[in-house]
Amino acid sequence: MQDDLFSDALPKPPVGDVAAQASTPKPTPEAEAPARRKRSGVVAPIAADEALKALAAALPTRLRLGTSSWTYPGWKGLVWEGEHSDAQLSKQGLAVYAQHPLMRTVSIDRSFYRPLTASQFERYASQVPDDFRFVVKAPSVVTDALVRSEDGRGRQSNPAFLSPELARSECVEPALQGLGHKLGALVFQLSPLPLAQLDRMPSLLERLRTMLLALPALAPMAPDGVIAVEVRDPEWLTPDFAAVLREAGATYCLGLHAKMPPLQAQLPMLRALWPGPLVCRWNLNPVHGPYGYEDAERLYEPYDRLHHPDLETRAALAAVIAGITGRGQNALVTISNHAEGSAPLTVRGVAEGIVKLGLQ
């Protein structure tokens, strides 16, 4: 059954005169509402058309699709109406984002750069529906083997790398306390390792094992919650890595990134951990190379259209999602603007691919 599950992932008016204007009925309050919202700076959701609503209704109930963060003014007409600043969207955007028919999860990426408090997580949770789930990135102080300068270069070894104490106090406990049952996945994204550490993989696996086994269980407060580990070095993808995750009750985060092999080459990790939920983060289109975030940003901003549609990855991801949710497991999938140019449009493309598979 495991092979059958994953084998399908391979992609097969002019202005009138004064009299006419005087006779024109005054706008209704409903018609004036968008103008009032624009003047007041209130962020309002798009009016979802029937096709979008039907698409959302046709998706598996165990699937939660979404994006990485939400503070992008360029999503005008895709997620919200009108033009808004980053600051406005930081305060009001999440509640509007969560009203989009397709958006049932979001990745909180800012927690990677600085740990968030329980009260910060609680404010996020208060803005979304009961069925919404968050993907939370663990802070880099725990997941990066190096202490880095502002330009991202590693300066020295990080003594807190994979620290069980910090993982618990700076990530798991605040997220659980603040998000409660709305916590979907805690992702420990392990940054690229220096060559010297890649040569000591057995000791790294033991450190990872120790950390994961020390973390509190999520289920009592977050029944859907799962610990997931994402890596940026292919050297991690071994049976020993899968064994560590399985022992700790964690899962592998399918990381679609130019530093990693394509989706199909990562499927053995999912097979080794089956049955289990899917956690996937589609991060960066491979056309930009492994260090292409800045190139992608320059080309893709303001993230309002697709630049590099990756139909092969869409098809493969849709097949994996359909297979896993069809066998009763949850799926949390978040997509970055850097995947194709506009995350909301990629989300819709993946959703259409999933529904198409169900109609075949």
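This is a predicted model: local features need pLDDT of at least 70, side-chain atom pairs count only at pLDDT 80 or more; totals for chains, interfaces and linings use all residues.
Across the whole structure, a search finds 10 aromatic pairs. In one of these, the ring centres of Trp-70 and Tyr-124 lie 5.4 Å apart and the ring planes stand at 85 degrees, so the pair is classed as edge-to-face, the term being applied to planes over 60 degrees apart. This pair links distant parts of the chain, since Trp-70 is found in the loop between strand E2 (63-68) and strand E3 (80-81), whereas Tyr-124 belongs to helix H6 (residues 118-125), 54 residues apart. Another aromatic residue, Phe-112, has Lys-137 lying over the face of its ring, at 4.2 Å from the ring centre.

Helix H6, which carries Tyr-124, also packs with helix H8 (residues 164-179), at an angle of about 40 degrees and with the two axes 7 Å apart, and the crossing of H6 with H8 is right-handed. On the H6 side the contact is made by Ala-118, Phe-121, Glu-122 and Ala-125, which meet Pro-174, Ala-175, Gln-177, Gly-178 and Leu-179 of H8. The residues of this contact comprise six nonpolar, two polar and one charged.

Elsewhere, Ala-47 is placed in the loop between strand E1 (44-45) and helix H4 (50-58). Ala-47 has a relative accessible area of 71% and is therefore exposed, the limit for this class being over 50%. Although Ala-47 and Val-79 are 32 residues apart along the chain, their C-alpha atoms are separated by 9.1 Å.

Technical notes. Residues are numbered from 1 along each chain as its sequence is written. Side-chain values use heavy atoms; hydrogens and water are left out. Helices (H or I, at least four residues) and strands (E, at least two) are DSSP runs, numbered from the N terminus. Buried means under 20% relative accessible area, exposed over 50%, partly exposed in between (1.4 Å probe, protein chains only). Rings of Phe, Tyr and Trp (its six-membered ring) pair if their centres lie within 6.5 Å; planes under 30 degrees apart count as stacked, over 60 as edge-to-face and the rest as tilted. A charge sits over a ring if NZ of Lys or CZ of Arg is within 6 Å of the ring centre and within 35 degrees of the ring normal. Axes are lines fitted to C-alpha atoms, for helices over the stretch in contact, and angles run from 0 to 180 degrees between N-to-C directions. A crossing is left-handed if the near helix is turned anticlockwise from the far one by less than a right angle, and right-handed if clockwise. Contact means heavy atoms within 4.5 Å. Ala, Val, Leu, Ile, Met, Phe, Trp, Tyr, Cys and Pro count as nonpolar, Asp, Glu, Lys and Arg as charged, and the others, Gly among them, as polar.
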